[in-house]
Amino acid sequence: MAPQPPTSELNIQQVQQFLTNSLSQRGPSALPYAEDVKWHIRQHLVAVMGAFPSLRPRASSFTHNDGRSAHLLQGEGTMPISFRGAVYHLPVVIWLLESYPRRPPAVYLTPTRDMLVKPGHSLVDPSGLVREDAVPYLRSWVYPASNLVDLVRSLSHLFGIDPPLYTRPSHTPSPPAPSPSPSFASPYGSGGGEPTRFPPPPSTQAHFSARPTEDPSEVYRRNAISKILESVHADMATLRHSQEAEMEGLFSTQAELRRRQQDLSRGLQEMIQEKEGFEQQLQLVLMNSDLLEGWVRENEELCRRCREGVDVDDVFEPVDGLSRQMTECTAADIAIEDTIYALDKAVQEGAIPFDSYLRTVRTLSREQFFHRATAAKGRATLVHAQVTSMASRTQQYVSQ
């Protein structure tokens, strides 16, 4: 449970300390408000305490209509109204529900034993709940502009025009204190103390339900004020809708900017990876260039001899006789292939007779076949020698 404020008269410092402790609770005892609005809730309660010292912040258990219970903050005390030149104090509890301050609070009038709720009141139902759809300020509640101070001032003005409570007639026996409405818990929290006694109406005033004939100018003034209030609240609602539409557009733009930021970040990451790949390829090219330059330096004398007229075929020598035979057979095969290609061009152009072409191609093809067969046999012999050498090394390794 969150700590309760002291029962003595609260000052601003005590209220701030109480609200700080209550809103900073964590775990099962934490108040069910969003973290990003707890500072607004604290400011609203401190402000309403400063403007209306009779409203005291408390933490108590609230029961919803569906039976759920929640530990919530409330402003509990009295609300001053001015009616026919006299000031009265209506007992009230302002519950800050879980969705506050994005949604308006729940306001309940809590009449004492000698007070009754005016039947058929336009703003308050028989249980004492102030109807949200009937009060312009509650109906046009806008976050974060709306606050508790302006709400209490608006209700004080409206209730001063048509008070929702009246003093119980003296001839009516006082029944026991009414039990709390099913829609909310006891308005005085869990402290168990009796509510403060509020000043009764003047003795010359009977009760609010028996109203004498009113001055037409006063009626006109009240109606004009009501129309002005309705017009102001309608303008506020229109402004709220336009601001909400503008905010939706800004949210959409923000989402698009975030998406583009993600695309740019992804593209930048891909470019960094591509740069790293190019750097690796550059290192490989530089390494190969160093190897080639080293080979050229080592074989500079051989290159010089090549420039002086040494036959290119004498520059490279096979390792063994088998390799030499395979090289010669492969060279002869390629040479015959080129010769046959040249003969094809010649017979097409009519440079040689067709019968000579056939005899020559038949002879070359037979020779090419023998060269290819010899090269294939040499490759098979070389592969067999390599496999035998590898098996021998493997056997030596296993024997060791």
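**Notes on a predicted model**

1. Reading from the N terminus, the elements of the protein chain go α-α-β-β-β-β-β-α-α-β-α-α-α-α. That gives 8 helices and 6 strands. Keep in mind that this is a predicted model. Of the 400 residues in the protein chain, buried ones make up 32%.

2. Have a look at helix 7 (residues 321-349) and helix 8 (residues 354-399), which pack with their axes 8 Å apart at an angle of about 155 degrees. Angles over 145 degrees count as roughly antiparallel, so that is the label for helix 7 relative to helix 8. Their crossing is left-handed.

3. Next, some backbone details. As background, most peptide bonds are trans, and most residues other than glycine have a negative phi. The bond from Y100 to P101 is cis, with omega near 5 degrees; P101 sits in the loop between strand 3 (86-96) and strand 4 (106-109). Another cis peptide bond runs from Y143 to P144, with omega near 10 degrees. You'll find P144 in the loop between helix 3 (136-139) and helix 4 (148-161).

4. R84 is worth a click too: it isn't a glycine, yet its phi is positive, at about 55 degrees. R84 belongs to the loop between strand 2 (69-83) and strand 3. With a relative accessible area of 42%, R84 counts as partly exposed.

5. Finally, the surface. I228, V232 and M236 make a nonpolar patch there, and together they have about 240 Å² of accessible area. I228 is part of helix 5 (residues 216-298). Is I228 buried or exposed? Its relative accessible area is 53%, so I228 is exposed, the cut-off being over 50%.

Conventions
Residues numbered from 1 in each chain as written. Predicted model: local features only at pLDDT ≥ 70, side-chain atom pairs only at ≥ 80, totals over all residues. Heavy atoms only, no water. Patch = residues over 30% accessible without salt bridge, like charges linked within 9 Å, V, L, I, M, F, W, Y side chains within 5 Å. Areas by Shrake-Rupley, 256 points an atom, 1.4 Å probe, with all protein chains shown as cover. Salt bridge = Lys/Arg side-chain N within 4 Å of Asp/Glu carboxyl O. Helix = DSSP H or I, 4+ residues; strand = E, 2+ residues; numbered from the N terminus. Buried < 20%, exposed > 50% of the residue type's maximum accessible area, 1.4 Å probe, protein only. Axes fitted to C-alpha atoms, helices over the stretch in contact; angles between N-to-C directions. Parallel < 35°, antiparallel > 145°, perpendicular 65-115°, else oblique. Left-handed = near helix turned anticlockwise from the far one by under 90°.
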